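Here are some notes for a colleague who is opening this structure for the first time. Please keep the sequence and the model side by side while reading them.

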Amino acid sequence: MTRTVPDRLATFPFPFRADTFRYSTNVEAARVVVATEAGEWGSGILHLDGDYAAEVAERARVLERDPTRLQMLPHMRPASWDALLTMLRELEAQHPEQMRLTGSGRELVWRNDVLGVEHRFTEGDDDSVPGGPLGFLGSQIQDDVVLLDQREGSLWADAGNVTFAADWSMGFDTGMRFLEIHGPVPRVHEEGILPRAERFLMRLPPGAEYRRLNWTLGVDRRLDHATEVYPEWAPARRHIATAPAAEVGRRVHLRVELQHLVRLGASGAILFLIRTYLVSLEELAQVPAWRERLGRVLAELPADMADYKGLSRFRHRAADWCLSGT
Ligand code: HEM
């Protein structure tokens, strides 16, 4: 495409490949570039953009207010260190000019010139990194993180640093099985989608890297939609249902999660990364094909799926905006 588009659109993982949306075990290999109408996404596991510094600062604010967003059951310490070191090496590989992990043995130094961080630490010593291994990891990447342990024929979400959850709670889900966590999701159990996904994940060999997309709508550029702060974000959803068109276009955002699934080599845990992208309907409308497709998907979305996503009150309002500008 020849005209310039804003960065947020150029790397936005627009999630719809048709005018209707249904759940599926939509998992594909990671690191495969996807060309879109506005640019491309997907070349790496991690993606830093113009919102990097602001988003890690926002994560720090959320954690300060509510430390329960960061969880680590004691047996997950080795996996948490594995996740930290694997992702710091990934950052270094993607940004060799600005990021570097050096040192010898367990004594390491992390340097991140984008954020102005230089930190010496001892691998395995939680007190040597701010917030412990997952706290420190969350301060260097835009993604939320969940770590799953595999035992007794199941995956267990036993650690995580999740400050930008879309209407769920890391504190509540810690220690739960993969299938229990997905208990509230409609359709996926009857259709066998989740048991299939769990079996797939449990068979992943060390180093395997996959990804999937998930989406919903939100109101305003707000990342933290955790259950814990429901009263802070839910009223805007009610308000927007009857708001004038200009407000709908400015405030309703398509919220897309690019999720990566990585089998860590040293610990054998599954690392689940959730990178949340937000674009307003107004921004999205700069790509007319996206505006139209989103409008059609929202208009057709079955009621049980819209209910589960918390969109019942305002998805038709958003669909109308996309399809007729009203
Ligand atoms: C191939 C793997 C996976 C598939 C196919 C899958 C599928 C889904 C689907 C369809 C939803 C509903 C999303 C929506 O409509 O907004 C969902 C929600 C969710 N998923 Fe997954 N998921 C996968 C991996 C994971 C992993 C590894 C975790 C880590 C614990 C996870 C945690 C969640 C949570 C916390 C929710 C929200 C549940 C709630 O409403 O409380 N998912 N997932």
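The numbered points below take up the model itself, the ligand shell, several strands, a pair of helices and one glycine.

1. This is a predicted model, in which local features need pLDDT of at least 70 and side-chain atom pairs count only at pLDDT 80 or more, while totals for chains, interfaces and linings use all residues. Residues are numbered from 1 along each chain as its sequence is written.

2. The ligand is surrounded by 20 residues, and the closest are A157, W168, P184, A197 and F272; a residue is taken as near if its C-beta atom, placed from the backbone, lies within 6 Å of the molecule. Two or more residues of this shell come from each of the elements β8 (144-151) and β11 (209-219), where strands are DSSP runs of E with at least two residues, helices are runs of H or I with at least four, and both are numbered from the N terminus. The largest share, three residues, is given by β11.

3. An open sheet of three strands has the order β5-β6-β7 with antiparallel pairing. Because β5 (99-104) and β7 stand at the edges, each with a single partner strand, one side of each is left without a neighbour in the sheet. Neighbouring strands of this sheet are turned by 15 degrees against each other on average, direction ignored.

4. Within that sheet, β5 and β6 pair over six bridges, and M99 has N112 in β6 as its bridge partner. Strands β6 (residues 107-112) and β7 (residues 117-122) likewise pair over six bridges, with L108 and F121 as bridge partners. A hairpin with four residues between its strands is formed by β6 and β7, and G116 in the turn has a positive phi of about 70 degrees.

5. The axes of helix α11 (residues 288-300) and helix α13 (residues 315-324) come within 8 Å and cross at roughly 150 degrees; axes are lines fitted to C-alpha atoms, for helices over the stretch in contact, and angles run from 0 to 180 degrees between N-to-C directions. The two helices are therefore roughly antiparallel to each other, a term used for angles over 145 degrees.

6. G42 is found in the loop between β3 (40-41) and α2 (52-65), and it counts as buried because it has 21 C-beta neighbours inside 10 Å. The C-alpha atoms of G42 and Q140 are separated by 19 Å, and these residues lie 98 residues apart along the chain.

How values were computed. Angles under 35 degrees count as roughly parallel, over 145 as roughly antiparallel, 65 to 115 as roughly perpendicular and the rest as oblique. A residue is buried if 20 or more other C-beta atoms lie within 10 Å of its own, exposed if 12 or fewer, and partly exposed in between; C-beta atoms are placed from the backbone. Two strands pair if DSSP finds at least two bridges between them.
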